[in-house]
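Dear colleague,

Please find below the structure I promised to hand over, together with its sequence.

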Amino acid sequence: QVQLVESGGGLVQPGGSLRLSCAASGSILSIYGMGWHRQAPGKQRELVATITSGSSTNYADSVKGRFTISRDNAENTVYLQMNSLRPEDTAVYYCNADLRPTGSRRPEKYWGKGTQVTVSS
């Protein structure tokens with residue numbers, strides 16, 4: 001079955017960098033949009049960045065200029081390069097994808113289980 005698995009989270013100091021990866025696996029016909037959301041303690045989940053199948057991107061204002069989303073279609077993987085990290089970036093980061101499983105007539109939304117990013121000195 002289709003799965004999304006995030007990796008690359010961890011503890012970094014303010015100003016540091018992390019690169020998150022999310023690999024989609026399983027019987028997938030097509031992947032359309034992919035993206036990252038995050039949820040900090042006591043806050044609602046928010047969109048961080050999205051990328052279309054044509055590699056068009058958008059970002060939350062809070063991360064614009066610091067984060068870069070990209071994808072490797074051959075590997076069914078989406079990345080989030082996070083630079084100049086701030087304590088307020090601390091959250092669980094979730095990967096999502098709109099994709100069409102093999103045998104399905106419609107795209108479906110899938111979510112990973114999340115990876116923790118902690119920015120602290």
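This is a predicted model: local features need pLDDT of at least 70, side-chain atom pairs count only at pLDDT 80 or more; totals for chains, interfaces and linings use all residues.

Residues are numbered from 1 along each chain as its sequence is written, and side-chain values use heavy atoms, with hydrogens and water left out.

The structure holds 5 salt bridges, a salt bridge being a side-chain nitrogen of Lys or Arg within 4 Å of a carboxyl oxygen of Asp or Glu. One of them pairs Asp 89 with Arg 66, whose closest N and O atoms are 2.8 Å apart. This pair links distant parts of the chain, since Asp 89 lies in the loop between strands S8 (77-82) and S9 (91-101) and Arg 66 in the loop between strands S6 (57-59) and S7 (67-72), 23 residues apart; strands are DSSP runs (E, at least two residues), numbered from the N terminus. Asp 89 counts as buried at 1% relative accessibility, and Arg 66 likewise at 8%, where buried means under 20% relative accessible area, exposed over 50% and partly exposed in between (1.4 Å probe, protein chains only).

Lys 109 and Asp 98 also meet through their side chains, at 3.0 Å from N to O, and they join strand S10 (residues 108-111) to strand S9, 11 residues apart. Here Lys 109 is exposed at 63%, whereas Asp 98 is partly exposed at 22%. Salt bridges that share partners join Arg 38, Glu 46, Arg 66 and Asp 89 into one network.

Best wishes

Technical notes: Helices (H or I, at least four residues) and strands (E, at least two) are DSSP runs, numbered from the N terminus.
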